[in-house]
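Look at the sequence and the fold before reading on.

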Amino acid sequence: MSLSVFWLKDDFRISNNQAIKALIEDKSSEKKTIYIYEKQQYQLCETQKWWLARSLEIFKEKLESLKIMLDVVHENSTKSIKKLITNSSLTRIYWNKSCHINENIIEDDIKKILKDNNIFYKEFEANLLNPVEKIKKDDGTPFKVFTHYWKKAEQIYLKNNDKYNSKIFKNYNQNLTKDKNIEAIYPKKNWYKKFEKYWEPSEEKAKEILDNFIKKSIEHYAINRDIPSVEGTSKLSPYIKFGQISVHQIMQKCLEIKNKKIGYRKYINEIGWREFSHSLLHNFPEMEANNLRKDFDNFKWNKNEKLLFKWKKGLTGYPIVDAGMRELYETGWMHNRVRMITASFLVKHLRIHWLEGEKHFRNTLLDFNIANNVSGWQWVAGTGADAAPYFRIFNPILQGEKFDPSGNYVKKWCPELKNIPNEFLHKPWEMPEALQKEKNIIIGKTYPSPIVKHEEARNSALRAFKELKK
Ligand SMILES: Cc1cc2nc3c(=O)[nH]c(=O)nc-3n(C[C@H](O)[C@H](O)[C@H](O)COP(=O)(O)OP(=O)(O)OC[C@H]3O[C@@H](n4cnc5c(N)ncnc54)[C@H](O)[C@@H]3O)c2cc1C
């Protein structure tokens with residue numbers, strides 16, 4: 001008897017998955033897939049527990065159609081692999097390398113154990129366009145500026161990319177069988193049930209979304225990507241995070257477009273930003289919990305639980321900020337433009353540390369990944385690489401007027417404002433009292449008064465920034 005194993009991680013797809021391809025082609029008498037659930041890893045990611053559990057159910061069904069069993073174990077990865085070696089006839093194991101440095105450390109430990117036990121293993125590159133350590137400046141140091149990084153990374157990718165197998169094996173069966181180890185992963189509160197309305201974590205769905213996006217939206221992406229009320233972006237981020245689709249498949253599909261206009265260019269650049277974030281975190285792992293720019297270490301952040309709570313709940317009194325925070329809580333996703341506005345409001349208007357915002361997004365985003373999240377937060381806070389300078393402070397009123405002029409986005413997520421006249425859409429507190437009564441929007445009662453005044457908050461942030469420079 002010999003056993004070969006596919007170690008499943010964030011790669012819930014059959015197509016374009018080199019590790020599972022290796023297992024399928026393997027000649028062992030027994031084959032299986034193992035998923036190791038480390039509770040610790042998901043401790044602060046409540047929303048993602050739903051995506052993960054659902055993905056496991058769907059993928060299990062798919063594997064069964066290929067006559068491959070899926071074992072979900074709740075344990076620490078190293079211990080679990082050691083047990084597998086002791087208790088089975090394990091001879092070969094395959095996996096796709098994680099794109100996060102902390103997981104790479106675990107993978108390296110496991111490689112050592114496998115080697116010591118004479119077990120064959122193969123690790124494939126799958127989650128980034130280029131191996132993360134490959135893209136360096138000519139002098140061997142890491143890039144800190146996106147345009148320079150991407151110029152080199154894109155060229156190297158285009159030179160080396162292979163045609164990947166994009167065949168989809170089978171649609172999964174909707175009547176999924178229960179597995180108690182998967183059920184135990186679901187979040188304890190039923191609030192996650194609403195995600196089922198918005199998302200289906202399968203590779204078929206990811207492919208369908210990509211195909212539709214290329215057909216209908218990529219051409220207008222350069223403009224529409226900034227308008228949160230239209231479906232102008234791909235919304236593939238949680239699928240990319242959990243590997244229902246790979247960035248290679250996305251690039252391949254984009255390269256097939258005959259007439260590559262500005263929308264294509266902009267979209268590819270965003271995939272480039274994902275690569276850049278992963279490269280940053282790989283080269284500067286300390287940025288997970290610290291300012292990349294050390295000159296910010298003495299910045300005077302505010303500690304204010306009450307304001308932080310109102311920001312999380314979407315009760316700041318600034319409609320574009322509140323709409324974003326409520327979209328996040330309801331759907332587990334938020335539009336990129338609004339992520340920038342809400343994040344800026346937290347770190348500049350409320351002057352609350354970016355780590356607080358990072359933690360909240362980590363807990364509520366279905367697409368959370370540490371590299372993009374930390375880079376996104378440090379970019380907005382001005383503490384990161386190639387970041388927006390701290391003194392450039394988004395005005396939430398002007399941002400709302402520019403990117404949600406119709407108010408469709410705000411009215412969708414803050415329905416109490418549905419009758420507001422356009423001129424007050426993004427500054428409802430300016431409505432005369434009589435009008436408030438007429439429209440049944442009573443500021444301070446049916447919709448909150450602003451928790452800070454824009455001009456005062458802006459000046460206070462600029463003063464704190466000036467202090468830092470002394
Ligand atoms: C404060 C803050 C926190 C963020 N946290 C995350 C996070 O945890 N996970 C995450 O995937 N993205 C994060 N982003 C980046 C971005 O907002 C999302 O990737 C994007 O909104 C996902 O929607 P989409 O798939 O429709 O994107 P599209 O516009 O369709 O872009 C396609 C893909 O490119 C990548 N991408 C797009 N924009 C960025 C960007 N600015 N940086 C890096 N990669 C990008 C994503 O993988 C995305 O799915 C964050 C941004 C900010 C400002």
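This is a predicted model: local features need pLDDT of at least 70, side-chain atom pairs count only at pLDDT 80 or more; totals for chains, interfaces and linings use all residues.

**Helix packing, a helix face and a strand residue**

Q: At what angle do helix 15 and helix 17 pack?
A: Helix 15 covers residues 336-349 and helix 17 covers residues 370-381. Their axes lie 9 Å apart. The angle between them is about 60 degrees.

Q: Are helix 15 and helix 17 parallel, perpendicular or oblique to each other?
A: Roughly perpendicular starts at 65 degrees. The packing angle here is about 60 degrees. Helix 15 and helix 17 are therefore oblique.

Q: Which residues of helix 17 meet helix 15?
A: Helix 15 passes helix 17 in a right-handed crossing. From helix 15 come R339, M340, A343, S344 and V347. They meet G376, W377, V380 and A381 in helix 17.

Q: How far apart are the end C-alpha atoms of helix 5?
A: Helix 5 has 15 residues, 146-160. At 1.5 Å a residue, they should span 21 Å. The model agrees: the end C-alpha atoms are 21 Å apart.

Q: How wide an arc do the buried residues of helix 5 cover?
A: The buried residues are F146, Y149, W150, A153 and Y157. They sit on the same side of helix 5, because their arc around the axis is only 90 degrees.

Q: Which exposed residues are on the face of helix 5 turned away from its buried side?
A: Helix 12 (262-283) is included in what covers the buried residues. The face turned away carries T147, K151, Q155, L158 and K159.

Q: Is K31 buried or exposed?
A: K31 is in strand 2. Burial takes 20 or more other C-beta atoms within 10 Å. K31 has 20, so K31 is buried.

How values were computed: Residues are numbered from 1 along each chain as its sequence is written. Helices (H or I, at least four residues) and strands (E, at least two) are DSSP runs, numbered from the N terminus. The expected span of a helix is 1.5 Å times one less than its number of residues. A residue is buried if 20 or more other C-beta atoms lie within 10 Å of its own, exposed if 12 or fewer, and partly exposed in between; C-beta atoms are placed from the backbone. The arc is that of the directions from the helix axis to the C-beta atoms. Two residues are in contact if their C-beta atoms, placed from the backbone, lie within 7 Å. Axes are lines fitted to C-alpha atoms, for helices over the stretch in contact, and angles run from 0 to 180 degrees between N-to-C directions. Angles under 35 degrees count as roughly parallel, over 145 as roughly antiparallel, 65 to 115 as roughly perpendicular and the rest as oblique. A crossing is left-handed if the near helix is turned anticlockwise from the far one by less than a right angle, and right-handed if clockwise.
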